[in-house]
There are 2 protein chains.
Amino acid sequence: MAAPEQISTENQNSLRDAASKKQEPKPKRRMRLPPYERENMILEGATRFFAKHGFNGNLRELASELNVSQALIFKYFDSRERLVEKVYERTFLGRWRLDWEQILSNETLDIYTKLKKFYLSYLETVDDYIWIRIALLSGLTGNNLTSQYIVRNVGGLMNIIALEIRRANSQDLDGPITTLEMEGVWMLHSTFIYYLIRKHIYKTPVEMDLGIYVNKTVDRFLSGTLHKEA
Amino acid sequence: MAAPEQISTENQNSLRDAASKKQEPKPKRRMRLPPYERENMILEGATRFFAKHGFNGNLRELASELNVSQALIFKYFDSRERLVEKVYERTFLGRWRLDWEQILSNETLDIYTKLKKFYLSYLETVDDYIWIRIALLSGLTGNNLTSQYIVRNVGGLMNIIALEIRRANSQDLDGPITTLEMEGVWMLHSTFIYYLIRKHIYKTPVEMDLGIYVNKTVDRFLSGTLHKEA
DNA sequence: TCTGCTAGTGAGCAGTTGGTCAACAATTAT
DNA sequence: ATAATTGTTGACCAACTGCTCACTAGCAGA
């Protein structure tokens, strides 16, 4: 760790040159962007960065990843807190698809294809390192309205599925949905969420063909994993 | 909810007394504990604390929760990093039950009761605010061997279950287990893990009777959620 | 080419944080 | 009682962090 005490002048020079060659050749011409673009660039970088380092990641580090001064971040976002809020919005609200509800309520589809269509679309927008990490981080950090908003929204979809399952079982649709019925629906959803956790967070091997995986999982969910024989 | 606006002087005094009694009458006599006990106390407090505030929670705050100086923490743990490691060990390794593997391999039980027995025991040791939060936090922070160790261990159990399902389906036990077979097994496990996430992290309403919940979930997993009629 | 507007920055401030250390005091042995 | 041992602490340090501000420089319009 200690620097050598004696170096020849030439060495010193060449070392300095090498060093300066590594930091200078980027004369780092100051790039001027229209505010909207710059804001977007920062927000996108922050999303990636927070996903990786958590919401109290070092802002100076974020700035240097963006090749921008740390002061600039505060020109576009009043405080770290505001920046984090924006990241939430971008990540969650920005990805919510309004047609999910329609797929699930579509009367012309049977329950198998309905669930397969929905979860294929759901996974397409959500099977992403950034999304799953931000989702878990925001849940753990708590105190954020956005994650609660999502919980409620997903809860709404789960309710629809519960009703569709009743319909498929030709049960009475009127009574209130029981806790155990809801747990049944969450079973399917849990499977897909934990698939994302294993894939993007624990990085264990998983089935990579989403089409096959979704089909098989929905089938299993509805029909059971035991071959009913005879 | 609102406090009464008028209180007699006596009341005010007694209130003030009560308040001061709460912070002053602790002349904070210095408590001396045998090292083993103190270490345990700090470790337990740190586990609770990190579970709540994440692994870069403020150590001064932790110290004050323990009614102990911040310097003392460093007498028992060289650095924050070491402390976090110990928290991992305590939380994960300390809870692993060796008999889980035996329950699952037990030849005298049918697959239904096997899975029910196992997951009841599993949830009993793992259905806990602290456990699920530390588990997710450690996964997100990455770079920890312990969480990978657990992933491997759980993976081992999943493998056993995969084999048991083959047996129940009277399939050939010899071929290698396919990715899709494994995904099937993860479906059940995912359900229980995400149950914990909903319960302890998102704090949404869930079925509270573990016995009923485990039974019903295993049944659904094996037999499907659709009533197969005629 | 020059000028005005404003995107962008370096330097620095106040507060915080992990970690250290000499001194203090609770307990035990004498 | 007294002394030796050692668990415990207050005060401190150096590094870091969110955030600010006076100043710099890229770009559009004249």
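Student: By class, how many nonpolar, polar and charged residues has the surface near DNA strand C?

Tutor: This is a predicted model, in which local features need pLDDT of at least 70, side-chain atom pairs count only at pLDDT 80 or more, and totals for chains, interfaces and linings use all residues. Residues are numbered from 1 along each chain as its sequence is written, while chains are lettered from A and ligands numbered from 1 in the order in which they are written. A residue is near the strand if its C-beta atom, placed from the backbone, lies within 6 Å of it. With Ala, Val, Leu, Ile, Met, Phe, Trp, Tyr, Cys and Pro as nonpolar, Asp, Glu, Lys and Arg as charged, and the others, Gly among them, as polar, the surface has nine nonpolar, four polar and nine charged residues.

Student: Which element gives the largest share of the surface near DNA strand C?

Tutor: Helices here are DSSP runs (H or I, at least four residues), numbered from the N terminus. Among the residues that come nearest to DNA strand C are A:A71 and B:A71. The largest share, three residues, comes from α4(A).

Student: How are α7(A) and α11(A) oriented to each other?

Tutor: The axes, lines fitted to C-alpha atoms over the stretch in contact, have angles running from 0 to 180 degrees between N-to-C directions. Those of α7 (residues 111–126) and α11 (residues 210–223) of chain A come within 9 Å and cross at roughly 135°. Angles under 35 degrees count as roughly parallel, over 145 as roughly antiparallel, 65 to 115 as roughly perpendicular and the rest as oblique. α7(A) and α11(A) are therefore oblique.

Student: How many helices and strands has chain A?

Tutor: Strands are DSSP runs of E, at least two residues. Along the sequence, chain A follows the pattern α-α-α-α-α-α-α-α-α-α-α. The count is eleven helices and zero strands.
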